[in-house]
2 protein chains.
Amino acid sequence: KSLNNWIKFLENYIILTIVGLTIGLTAGCLNLLTEYLSNLKLGYCNSNFLLNENHCSNEWFEFPISIYGFIIFIIYGIIFSFLASFIVLKFAPLASGSGISEIKCIVSGFQYNDFLKIKVFLMKAIGLPLAIASGLSVGKEGPSVHYAVCIGSLISQGITKLSIFKSIDHNKDSTIFAKNILISSSAAGVAVAFGSPMGGVLFSIEEISNFFKLSTMWESYYCSLIAVSTLQFLNPFDNGKIVLFEVKYDNDWNLYEIPIFIILGIFGGIYGIIISKFNIKVVNFRKKYLSSLPKLEVFILTLLTCLISYWNFFLKLDMTEGMQILFEECSSSNKGNRSTLIDLCNVKSLSNVSYNILTLLFATLIRMILTIFTYGCKIPAGIFVPSMACGATFGRLLGILIQIFQDQDTCQLNKSCINPGVYAFLGAASALSGITHLTVTVVVIMFELTGALKYILPTMISICITKLINDKYGNKYGGIADVMIEFNNFPFLTSHKHYNFEDKRVRDAMISQKIVYLPSDKSIDLKIVNKILNDFEYSSIPIINTSNNNKINGIISRLDLLKIINDPINNNQSIQCNFNKLPQNDCLNFDRVINFSPLTVGIDTPLDLVLSLFHKLSPNILLVEYNGELKGLLTRKDILRFEYFLNQYQYNSEKQEQF
Amino acid sequence: KSLNNWIKFLENYIILTIVGLTIGLTAGCLNLLTEYLSNLKLGYCNSNFLLNENHCSNEWFEFPISIYGFIIFIIYGIIFSFLASFIVLKFAPLASGSGISEIKCIVSGFQYNDFLKIKVFLMKAIGLPLAIASGLSVGKEGPSVHYAVCIGSLISQGITKLSIFKSIDHNKDSTIFAKNILISSSAAGVAVAFGSPMGGVLFSIEEISNFFKLSTMWESYYCSLIAVSTLQFLNPFDNGKIVLFEVKYDNDWNLYEIPIFIILGIFGGIYGIIISKFNIKVVNFRKKYLSSLPKLEVFILTLLTCLISYWNFFLKLDMTEGMQILFEECSSSNKGNRSTLIDLCNVKSLSNVSYNILTLLFATLIRMILTIFTYGCKIPAGIFVPSMACGATFGRLLGILIQIFQDQDTCQLNKSCINPGVYAFLGAASALSGITHLTVTVVVIMFELTGALKYILPTMISICITKLINDKYGNKYGGIADVMIEFNNFPFLTSHKHYNFEDKRVRDAMISQKIVYLPSDKSIDLKIVNKILNDFEYSSIPIINTSNNNKINGIISRLDLLKIINDPINNNQSIQCNFNKLPQNDCLNFDRVINFSPLTVGIDTPLDLVLSLFHKLSPNILLVEYNGELKGLLTRKDILRFEYFLNQYQYNSEKQEQF
């Protein structure tokens with residue numbers, strides 16, 4: 001009894017711990033694999049071919065910059081990206097792309113179980129290091145969220161089948177439970193991708209969950225903590241840090257720099273608008289003309305990317321490594337070994353300055369074009385890191401331009417020198433905020449990435465400007481994830497969009513035909529229940545009192561129903577099922593899993609209000625009642641379909657009137 | 001037209017900017033005043049009596065530790081606390097205490113306008129520096145939230161009366177608008193109290209708002225940014241920093257320290273449980289026996305506090321200053337001038353170690369007792385900072401104990417020395433989390449206070465343990481703010497409490513007598529509308545179609561109604577008022593402010609569901625309908641009253657059965 005109590009108290013924690021551990025372990029392995037594959041393109045370890053540059057150190061042989069190194073670079077790139085697209089398309093096409101849009105829909109109540117299958121998880125996890133190592137302009141955070149959510153879903157489904165958990169009286173809605181696990185694992189996904197546990201928590205609030213509950217936030221916190229601790233323990237980068245870069249800025253900022261922070265914010269806004277606008281065009285084009293040739297598309301993209309990238313310092317480098325170099329303060333003495341190839345700090349030699357400016361400008365523009373074409377192609381691909389890289393190169397470019405106009409000797413005396421590394425940092429933050437429309441999350445992530453506490457106000461200022469521009473001129477649907485949801489017509493109710501229901505009421509949009517229900521006043525055969533389940537596609541089934549005018553008694557979720565029915569001990573098809581509050585002997589009782597206070601709406605409720613109920617309470621299904629009797633059902637799909645046809649029809653009739 | 005569009009777009013930002021600026025300015029002035037008053041007790045500036053220690057520097061004369069200094073210390077303390085309690089009790093008794101509980105209720109929909117009046121603001125703002133300077137164990141964050149919310153409320157009410165804003169077609173619910181301003185200003189209040197803008201945003205999410213909207217989070221972000229920027233610009237501490245302390249830890253943590261992090265987390269949990277348990281007893285005692293002698297109570301408290309504090313290094317010091325010393329790493333060379341009086345780092349001299357241990361132990365225990373007695377007395381008083389101070393002394397104590405057992409020479413060689421400053425830091429975090437039950441907010445605040453990025457995982461681990469202990473053994477109502485809400489029987493629906501409605505339905509709890517409404521089918525005299533407003537106490541008034549069976553047409557908020565009625569241009573009492581969708585000439589039209597899709601519930605809806613609607617959608621009022629007709633009203637007060645009597649009655653009848 002007392003053990004059961006403890007297990008009940010700890011159940012969530014046990015599941016979240018296992019989920020977090022698995023996510024951390026996966027991330028650690030993938031980090032190592034990514035680094036190894038990326039290094040392969042640039043050199044090899046003499047002592048042991050299986051070691052990457054970090055672990056090999058002295059014995060590392062780096063290919064010289066020559067036609068020979070160039071060819072190796074391209075061949076490896078093409079092999080990696082081909083492998084990535086091959087395994088994804090062959091085994092799990094759903095594993096391509098970012099995945100954040102789909103997860104937003106799933107969390108908001110959309111049933112899409114195929115998206116979280118083990119095959120999808122494996123292909124996303126294996127394809128991601130290949131995609132990144134190929135040199136394509138892709139990031140790992142979107143795919144990380146996707147594989148983390150797969151892990152969360154698979155483990156929680158598996159673990160609740162164990163007998164020790166089964167014996168407990170849960171008394172909670174399993175759909176809400178499942179949803180919370182998904183939200184928590186999405187937090188852990190971002191946390192391990194960036195090494196930013198708090199950033200993950202805020203991401204799960206700001207981007208993933210469309211409603212906010214304190215307990216969910218706490219679960220996200222716990223899961224991120226476990227995942228990042230595991231990652232830290234594994235120590236994949238061999239430097240005791242969970243992030244690839246950590247910057248220390250010694251100098252404070254000056255008030256006269258505020259206009260520059262604003263310019264960087266404006267850049268972020270414009271970046272976001274340009275990328276999402278043109279990316280949609282590319283996605284459209286791809287859907288129309290390239291859907292039969294996905295591998296060829298990836299091949300050509302990789303070839304072009306490698307051909308161009310090899311000759312530019314920042315495009316060739318791994319994006320996180322590049323950002324580390326860009327973020328660094330000029331006074332800092334410890335530089336990465338590769339940064340000897342470029343001297344960003346010497347602004348006195350004109351040739352060096354113009355070389356740097358051209359390199360950075362080229363890197364910014366080309367990276368933008370590559371990102372537009374790459375995001376959405378048939379490999380696992382995120383857009384956060386490429387956006388940050390663009391912002392970083394632009395910010396550093398701006399920093400160097402300003403350095404030219406500042407007399408370095410005087411400013412060093414009165415300590416008013418600007419710090420171009422900070423601008424790179426702020427540029428990265430603004431670009432990330434510009435493309436995702438996230439604000440608080442971006443500040444916290446940038447913060448955790450670098451520990452640049454002194455620059456929290458500048459970061460907030462830049463992102464504030466980016467947000468203002470996005471609000472006024474940006475895509476009205478929101479960040480890139482929302483834009484993709486809109487483009488793909490996913491059944492997602494967004495607060496960004498204005499839905500026009502005129503004055504229509506529930507009775508106009510509800511489904512009243514072929515509604516199936518379970519009776520509360522009499523018990524029925526398990527066989528009949530199975531038949532009802534087969535006939536009825538919805539995720540929950542109403543329970544009504546058939547002997548009392550079909551009054552609504554409760555609702556049961558299909559998952560909970562199936563869990564009890566599919567239990568091996570209930571293999572007698574003629575057993576009676578009881579959907580009453582009072583458990584009966586000799587019956588299969590469902591009272592533990594029935595929700596006896598389901599969300600109902602009156603038949604004359606305005607659809608605007610129903611929409612806000614869906615938005616804020618995220619039910620899977622709404623029961624429509626009149627006088628306490630069940631009259632129909634309403635899902636968010638029904639409402640969206642209704643709205644679509646309503647406005648479509650209007651549009652057509654308006655068109656007809658015009659001609 | 002285009003100007004109007006811009007004003008409409010910028011309206012929120014203009015208001016939030018003014019609110020943020022005012023909050024920042026107020027905080028800056030209060031910081032200066034607090035520092036000046038605190039310094040007065042310890043010495044004075046020879047060159048200019050009006051300068052505090054920081055601004056005076058060389059000319060500062062500090063009273064020696066003697067009976068003479070002791071008396072000055074006590075007299076100043078008593079004068080300050082007497083002044084604080086005098087002005088609060090005389091002019092605005094509502095300004096005493098913390099205020100967070102009340103603001104939670106106000107934001108959740110409870111009407112309590114007296115709490116945000118200008119008198120309350122002034123007394124809170126003036127009383128706070130006096131209370132802190134008196135040496136009592138009080139913090140400034142609760143009162144900061146209160147005065148910030150007062151500022152937000154006063155400014156937004158004032159500004160929307162300006163003609164330039166009036167001319168705009170708002171088309172938004174003014175109660176929601178007002179609520180958002182309150183949430184944003186509470187964020188700014190925490191932000192300026194701690195110098196932690198992101199911490200403020202998270203506080204407003206985790207503690208204040210009981211529902212989550214992205215736009216509200218953004219408004220909190222913006223308002224905090226403006227407030228903290230203003231504070232930084234004012235530079236009250238004269239060091240370019242917005243927080244009193246910033247720590248740099250050079251050493252990383254080791255895995256073997258995890259058990260210590262767990263012990264610190266356990267301390268936080270126990271601390272929270274003890275303080276909230278005994279504080280409730282004290283508050284009860286105060287209510288029963290001391291309600292007529294509030295000034296005497298404050299006098300005795302101050303006298304005792306000063307008598308004890310003067311002889312302990314950490315109790316005598318300002319709490320934030322004390323924490324700065326406690327948080328510091330031993331290797332750091334720059335120490336505050338006062339820390340020469342105590343050498344926390346020398347663990348080799350036995351006498352020094354035992355002196356330190358006793359000092360810290362004494363400080364921890366006495367501070368806990370003082371906090372229990374002080375929180376809730378009739379001066380402006382917060383509990384965050386005293387809790388952090390307790391945790392810091394305990395953490396440092398634990399650190400010194402561990403240092404004794406660690407061979408300092410060996411550990412310095414292999415760089416495995418523990419850092420006792422970190423334990424002080426973690427102890428402060430855990431105690432703060434223990435008393436408030438906040439998690440994410442505390443991590444972010446601690447982070448922004450110190451910039452100790454390396455220690456994010458240890459912080460998260462400690463707070464995780466604290467949270468687990470609170471969940472299992474802590475007060476079931478939640479943090480100290482929720483406990484106070486429960487104690488004071490505020491009409492607040494908390495997710496921590498289990499409400500028992502049995503199977504009762506809306507018809508059992510609703511108000512159906514003396515319901516007043518406005519007609520949608522005919523226009524009525526302004527005189528009659530005024531009479532209806534006087535008769536009817538609720539915050540919103542239903543609008544129904546009297547000629548069609550009282551069908552519900554919409555709802556209008558009292559505030560919006562009053563705003564239009566009280567406009568000087570509408571001084572003709574016999575003008576007709578029209579509550580229809582279609583504006584009419586020669587009538588006062590209210591269509592812009594009527595919500596035509598009000599939230600309604602069926603008369604047979606279970607109260608459990610209604611509760612969750614109140615909780616998640618925070619309406620002020622629910623309309624009860626049957627067949628589309630208005631049958632009654634339901635506010636959260638009605639539900640809570642009903643639940644109270646339901647269980648009271650049961651309790652009585654059970655008792656009767658027993659005897």
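**View 1. B:Pro606, a buried proline in a predicted model**. With a relative accessible area of 12%, B:Pro606 falls under the 20% cut-off and so counts as buried. Look for B:Pro606 in the loop of chain B that runs between β9 (600-602) and α25 (607-617). Leaving out residues up to four places away in sequence, B:Pro606 touches B:Lys504 and B:Arg505, plus A:Ser597 from chain A. B:Phe501 sits 105 residues away from B:Pro606 in sequence, yet their C-alpha atoms are 8.5 Å apart in space.

**View 2. Where domain 1 of chain A meets domain 2 of chain A**. Chain A is assigned domain 1 (2-234), domain 2 (255-487) and domain 3 (506-658). The contact draws 54 residues from domain 1 of chain A and 47 residues from domain 2 of chain A. Between them, these two domains bury about 4200 Å², with 69% of it on carbon and sulfur atoms. On the domain 1 side, A:Leu136, A:Ser137 and A:Phe194 lose the most area, together 16% of what that side buries.

View 3. The interface of domain 1 and domain 2 of chain A has one salt bridge. Zoom in on A:Lys104 and A:Asp482, whose side chains meet in a salt bridge at 2.6 Å, N to O.

**View 4. The domain 1 face that touches domain 2, chain A**. Elements giving two or more residues to this face include α3 (67-91), α6 (141-159) and α8 (174-194). α3(A) gives the most, with 13 residues. By class, the face has 28 nonpolar, 18 polar and eight charged residues.

Definitions and conventions:
Residues are numbered from 1 along each chain as its sequence is written. Chains are lettered from A and ligands numbered from 1 in the order in which they are written. This is a predicted model: local features need pLDDT of at least 70, side-chain atom pairs count only at pLDDT 80 or more; totals for chains, interfaces and linings use all residues. Side-chain values use heavy atoms; hydrogens and water are left out. Helices (H or I, at least four residues) and strands (E, at least two) are DSSP runs, numbered from the N terminus. Buried means under 20% relative accessible area, exposed over 50%, partly exposed in between (1.4 Å probe, protein chains only). Contact means heavy atoms within 4.5 Å. Domain bounds come from an automatic or database domain assignment. Buried area is the accessible area (1.4 Å probe) that two parts lose on being put together, summed over both. A salt bridge is a side-chain nitrogen of Lys or Arg within 4 Å of a carboxyl oxygen of Asp or Glu. Ala, Val, Leu, Ile, Met, Phe, Trp, Tyr, Cys and Pro count as nonpolar, Asp, Glu, Lys and Arg as charged, and the others, Gly among them, as polar.
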